[in-house]
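Q: I'd like to learn to read a model like this one feature by feature. Can we go through it together?

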Amino acid sequence: MELELRHLRVVRAVAEAGSLTKAASALGVAQPALSAQLKRVERMLGGQLFERSRQGVRPTALGELVLHRTRVVLPAVAALQEEAVRFARGGGQARGFRLGGTHGPLLGGLVDRLASAHPGVPVTTQTSWSERVLAEAVRAGRLDFALAGACGDSAPPGVEGLVWRVVAVDPVFVMLPEDHVLAGRTEIALAELAGATWTDVPGDGCFADCFAAACARAGFTPAGVYETDTAACVHLVRVGRAVGLCRATFPPTPGLVTRPLAGTPLSWRHLIGWHPDAASACAGVPAPAVLGHARAAHADAAARSASYTAWLTHHPDGVRGVPAMPPPPAGPSPCTGLE
């Protein structure tokens with residue numbers, strides 16, 4: 001019997017859990033089966049790896065040695081698998097664009113611009129409510145670029161090893177039925193909507209908390225929030241069941257108007273992320289060029305919104321002095337962080 005990666009994962013699981021019972025639960029196996037497997041590993045390695053007591057288990061000196069090597073070997077093998085997947089999916093050569101995105105107009109706009117700029121190069125897409133799911137897909141090599149977002153100054157999805165760049169920074173607008181009593185206003189104070197029920201699309205960031213905090217600063221607690229898909233949000237607003245929260249680039253929609261909130265209590269940063277080892281394999285197009293296409297797609301979406309165009313006229317410096325559409329990157333960028 002030879003030592004295998006699954007054996008090292010068992011040792012790591014036992015050490016992290018601090019007990020065989022908890023480790024068995026985490027691994028989804030019966031405790032007697034895990035105990036028997038651990039004994040086989042100990043026989044292979046020539047000694048006891050853990051001291052057992054009523055308080056749980058503690059690594060022996062041999063166990064500490066094995067755990068030290070395990071912490072090096074398992075991440076290295078995982079990285080090898082991810083690199084191999086990225087290489088194999090690309091055929092070891094230039095490939096088409098594999099894009100992921102959350103709800104919003106940017107994904108379609110980026111597809112259109114890439115398809116126009118690179119005719120004949122395939123473009124595939126994947127959507128998810130979760131920015132983290134998309135970021136994990138980029139890290140694992142299943143996607144080349146992820147369009148995501150972050151509320152205010154919050155960090156991008158916490159997946160290591162990815163490059164994140166800002167596409168644009170938008171104010172958050174409200175969506176109203178066109179016959180709403182406030183629909184004719186150029187901007188609306190959040191407190192004027194204190195009695196409303198709200199609707200927005202779901203996500204795994206902090207937007208819900210930021211909205212609740214903004215309402216608290218305005219002196220009220222939201223009566224309720226429907227989290228649902230974009231089509232359902234539009235329907236609920238159109239029939240007067242809710243007021244919607246939306247990006248300023250929300251496209252013109254019959255029966256609805258979008259209006260800015262006075263003082264811009266909420267903002268949204270559009271982000272694009274990629275893995276530095278894989279982005280150049282996309283039809284030979286460097287990542288900064290894709291970033292440029294994403295920014296152009298955002299500019300197109302902004303120009304189609306009369307309410308956003310009017311807001312930009314009166315707020316040329318954008319949200320809190322951050323331009324709505326940053327200039328293209330001037331040079332090489334680090335592999336993590338935001339510009």
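Q: Let's start with glycine 96: buried or exposed?

A: Buried means under 20% relative accessible area, exposed over 50%, and partly exposed in between, using a 1.4 Å probe and protein chains only. Glycine 96 has 11% relative accessibility, so it counts as buried. Bear in mind that this is a predicted model, where local features need pLDDT of at least 70, side-chain atom pairs count only at pLDDT 80 or more, and totals for chains, interfaces and linings use all residues. Residues are numbered from 1 along each chain as its sequence is written, and side-chain values use heavy atoms, with hydrogens and water left out.

Q: Where does glycine 96 lie?

A: Helices (H or I, at least four residues) and strands (E, at least two) are DSSP runs, numbered from the N terminus. Glycine 96 lies in the loop between α4 (61-89) and β3 (97-101). Its C-alpha atom is 9.1 Å from that of glycine 284, though 188 residues of chain separate the two.

Q: What does the chain look like overall, in terms of helices and strands?

A: The chain has ten helices and eleven strands. It runs to 339 residues, and 43% of them count as buried. For contacts, the rule is heavy atoms within 4.5 Å. Among contacts in the chain with a separation of 6 or more, 75% are between residues 24 or more positions apart. The accessible surface, from the Shrake-Rupley method with a 1.4 Å probe and, for residues, only the protein chains shown as cover, is about 16600 Å², with 56% of that belonging to carbon and sulfur atoms.

Q: Now helix packing. How do α1 and α2 pack?

A: Two packed helices are described by the angle between their axes and the distance between the axes. The axes are lines fitted to C-alpha atoms, for helices over the stretch in contact, and angles run from 0 to 180 degrees between N-to-C directions. Here α1 (residues 5-17) and α2 (residues 20-27) pack at about 125°, their axes 8 Å apart. That makes α1 oblique to α2, given that under 35 degrees counts as roughly parallel, over 145 as roughly antiparallel, 65 to 115 as roughly perpendicular and the rest as oblique. The residues that meet are Val10, Ala13, Val14 and Ala17 from α1, and Leu20, Lys22, Ala23 and Leu27 from α2.

Q: What sits in the loop between α1 and α2?

A: Serine 19 has its place there. At 16% relative accessibility, serine 19 counts as buried. Leaving aside residues up to four places away in sequence, serine 19 touches Val14, Gly56 and Val57.

Q: At what angle do α2 and α3 cross?

A: They cross at roughly 105°, and their axes come within 9 Å. The two helices are therefore roughly perpendicular to each other. On the α2 side, Leu20, Thr21, Ala23, Ala24 and Leu27 make the contact, and on the α3 side Gln31, Leu34, Ser35 and Leu38 do.

Q: And α1 with α3: left-handed or right-handed?

A: A crossing is left-handed if the near helix is turned anticlockwise from the far one by less than a right angle, and right-handed if clockwise. The crossing of α1 and α3 is left-handed, whereas α1 passes α2 in a right-handed crossing. The axes of α1 and α3 come within 10 Å and cross at roughly 115°, and these helices are therefore roughly perpendicular. Arg6, His7, Val10, Val11 and Val14 of α1 meet Leu34, Gln37, Val41 and Met44 of α3.

Q: Proline 32 has its place in helix α3 (residues 31-45). Does it count as buried or exposed?

A: Exposed, at 58% relative accessibility.

Q: Which residues of helix α7 are buried?

A: In α7 (residues 207-217) they are Phe207, Phe211, Ala214 and Cys215. Seen down the axis of α7, they fall within an arc of 100° (taken from the directions from the helix axis to the C-beta atoms), so they line one face of the helix. The face turned away carries the exposed residues Asp209, Ala216 and Arg217. The buried residues pack against several strands, including β5 (145-151), β6 (163-177) and β11 (267-274).

Q: Last one: what about the phi of threonine 264?

A: Most residues other than glycine have a negative phi. Threonine 264 is not a glycine, yet its phi is positive, about 50°. Threonine 264 is found in the loop between β10 (256-260) and β11, and counts as buried at 15% relative accessibility.
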